Amino acid sequence: QVQLVESGGGLVQAGGSLRLSCVASGTIFSINTMGWYRQAPGKQRELVATVTPGGSTNYADSVKGRFTISRDSAKNTVYLQMNSLKPEDTAVYYCNRAFGSRSYPYDFWGQGTQVTVSS
């Protein structure tokens, strides 16, 4: 069964940190570039970071230098370490497939994890 399960969100003050986790089905995880996406209220979902099976990473300009994406093949898990959080980072965060530095999600999504940054 194909699954994407995100966790680790919460409420944090501006300048704080959070670490998100996403456990993906083995087939999805092993062959794909994985990405973290986010969707803020009233806005389209956007891709913020990607990591290839080999560990190469890409970041949206808005998070570069503050967020770090990584993956653990043994655990089928992709992480997003978020530092120096800003109120504009408030969104529901999702993981899904990506392609290079581009959005390329499957048709299904996990439940996401809410990140709220207070000013």
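N32 is found in the loop between α1 and β4; helices (H or I, at least four residues) and strands (E, at least two) are DSSP runs, numbered from the N terminus. This is a predicted model, in which local features need pLDDT of at least 70 and side-chain atom pairs count only at pLDDT 80 or more, while totals for chains, interfaces and linings use all residues. Residues are numbered from 1 along each chain as its sequence is written, and side-chain values use heavy atoms, with hydrogens and water left out.

**Residue N32**
- N32 counts as buried because its relative accessibility is 11%; buried means under 20% relative accessible area, exposed over 50%, and partly exposed in between (1.4 Å probe, protein chains only).
- Leaving aside residues up to four places away in sequence, N32 touches T27, P53, R71, R97 and Y106, where contact means heavy atoms within 4.5 Å.

**Disulfide**
- A search of the whole structure finds one disulfide, defined as a pair of cysteine sulfur atoms within 2.5 Å.
- C22 and C95 form this disulfide, with their sulfur atoms 1.7 Å apart.
- C22 lies in strand β3 and C95 in strand β9, so the bond ties together parts that are 73 residues apart in sequence.
- C22 is buried, at 0% relative accessible area, and C95 is buried, at 0%.

**Nonpolar core**
- A nonpolar core is a set of buried Ala, Val, Leu, Ile, Met, Phe, Trp, Tyr and Cys residues joined through side-chain atoms within 4.5 Å.
- The largest nonpolar core has 27 residues, of which M34, W36, V78, L80, M82 and Y93 touch the most other members.
- β3 gives the most to this core, with four residues.
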